[in-house]
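Colleague: Could you take me through one part of this model up close, starting with a strand pairing and working outwards from there? I'd like it as one connected story.

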Amino acid sequence: MALSKHFVTMTVNGAERSLHVDSTDSLMDILRDRLDLKSVKDGCRSGDCGLCAVLLDGKLVNSCLVLAAQCRGSVVTTLEGLVEDPLMKVLQQKFLKYNAAQCGFCTPAMLVAAKDIVSKNAKPSEDEVRLGISGILCRCTGYYPIFHAILEAAEERKP
Amino acid sequence: MPGYDIYVPTDLRDALSYLDDLGEATSIIARGTDLLPRLRRRRASAASLLDISGLGGDLRYIRSQDGSLHVGALSTVSDLMESPLIGREMELVREAGRKFGDPQIRNVATVGGNICSATSSEDLIPVFLALDARVKLLSLKGERALPLKDFIKGKRTISKKSGEILSGVELGPLPANSGSAYEKLGRRNILIIALVNEAVVLTMEADRETVRAARVALNRVAGRVPQRASAVEEYLAGRRLGADTIAAAQAVLSSELDLKNDFRASGEYRSEIAKVYLKRLLELSAFRIRGT
């Protein structure tokens, strides 16, 4: 079976990366296995759990459902690229305060989604927060601590 | 996952030439939210994929032209939801967007992909059917347009000829005194295949009491593809939209629906929900037209 190779250059967490990828590689495969960005979790590989969520050209996407070969010229941001972000620092403090990480497996995706919610909308309503994280599964079902942590982070950040 | 070759065209013309050469031997991939899981589960196979995701310059647009709305095939569901060109009369587009997939899926799933997947689980299809959408198909031979209801032939069957690419859809124009609404029921609210997915576009006469035209589309009417409920539409046309009319329209819908049981729900349950939604959507559309 033909399996083409593609030369892809993308900006990952601020650094330009050029790699040869297989036609079947997902962005998640590349981020985890080639670039060692393990905050991106391999949950379902079918777009159901959202644990591989990253920002692709500023939009929250499931990296398992994006073909690496399609990321030519894209800007990709994972949690690793956000640790120095001032909003992320607030979010992390609030996640700690509310004990929003139980087993921790969904935490990176939740944090990236939280950053996406609050940076697009400084005053998200409760519904907007709920809907914003609605595509990310927490199998500990600890949604309330996560929800309160995001709301309080947004509240605190208000000028 | 079985291997496949990806061809990355340099521009739209190159993509059309490639399609013209390979015909049925290649499958078009936009952003892959439907195709990739099916390839991985071996529910679909492809030896060659034509990657059109880089053709956004030509195929990702939302434009208003002569009262119609032109939406490029590569526009995402998020693009639709955020577009200021979707007017109040097309409120159902935003409503459908909010119930479509989840935030990550909405950011990549495309209008063209949703239409070409052509199943009862593609939430935009009933919306576009109710808006009388026309699809535009492009090939080396030129462009043709046809109504969406004629384009969708059956489950995962569309009347796209070899060498053609769906370039976009045209919606409207909606006459004055038009309003719309959308409902979806699944076993949960997010990332779920609809049991019932129903869209209504209502146009009233100037008196805002008499129905000029009602367009009702569901994810299933008979069989397993989205369709218009034409008996209900015919019944409603020209009638004064009161409680009696709506109740009678619900009865017409019941007799028109021919829904089978499947593992998600019984046909009877789907029909009951479709009836309840019809009332709700007609009333909400009328409310949106009247403003009271």
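Modeller: A181(B) sits opposite V200(B) in β12(B). That pair belongs to a run of 8 bridges joining β11(B) to strand β12 (residues 196-204) of chain B, and the two run antiparallel. Strands count as paired here when DSSP finds at least two bridges between them. The elements themselves are DSSP runs, numbered from the N terminus: helices are H or I with at least four residues, strands are E with at least two.

Before going on, keep in mind that this is a predicted model, where local features need pLDDT of at least 70 and side-chain atom pairs count only at pLDDT 80 or more, while totals for chains, interfaces and linings use all residues. Residues are numbered from 1 along each chain as its sequence is written, and chains are lettered from A and ligands numbered from 1 in the order in which they are written.

Back to β11: 7 of the 8 residues of this strand (residues 178-185) of chain B are buried, so β11 is largely enclosed by the rest of the structure. Buried means 20 or more other C-beta atoms within 10 Å of a residue's own, exposed means 12 or fewer, and partly exposed is in between, with C-beta atoms placed from the backbone.

Now the domains. Chain B is assigned domain 1 (5-51), domain 2 (56-171) and domain 3 (178-290), with bounds from an automatic or database domain assignment. The C-alpha centres of domain 2 and domain 3 of chain B are 21 Å apart. Their contact draws 25 residues from domain 2 of chain B and 26 residues from domain 3 of chain B, where two residues are in contact if their C-beta atoms, placed from the backbone, lie within 7 Å. On the domain 2 side, α5 (91-98), α8 (124-130) and β8 (152-154) of chain B each supply at least two residues. α8(B) gives the most to that side, with 5 residues. By class, the domain 2 side has 11 nonpolar, 4 polar and 10 charged residues. Ala, Val, Leu, Ile, Met, Phe, Trp, Tyr, Cys and Pro count as nonpolar, Asp, Glu, Lys and Arg as charged, and the others, Gly among them, as polar.

Next, helix α1 (residues 12-22) of chain B. Its buried residues are A15(B), L16(B) and L19(B). They cover an arc of only 95° around the axis, which puts them on the same side of α1(B); the arc is that of the directions from the helix axis to the C-beta atoms. On the other side of α1(B), R13(B) and D21(B) are exposed. The cover over the buried residues of α1(B) includes β3 (48-51), β6 (134-139) and β10 (165-171) of chain B. Just after α1(B), G23(B) takes a positive phi of about 55°.

Finally, the partner chain. The contact between the chains takes 23 residues from chain B and 26 residues from chain A. On the side of chain B that touches chain A, the elements giving two or more residues are β1 (5-7), α2 (35-40) and α6 (103-106) of chain B. That side of chain B divides into 12 nonpolar, 7 polar and 4 charged residues. As for chain A, its division is into domain 1 (5-81) and domain 2 (83-157), and the C-alpha centres of these two lie 21 Å apart.
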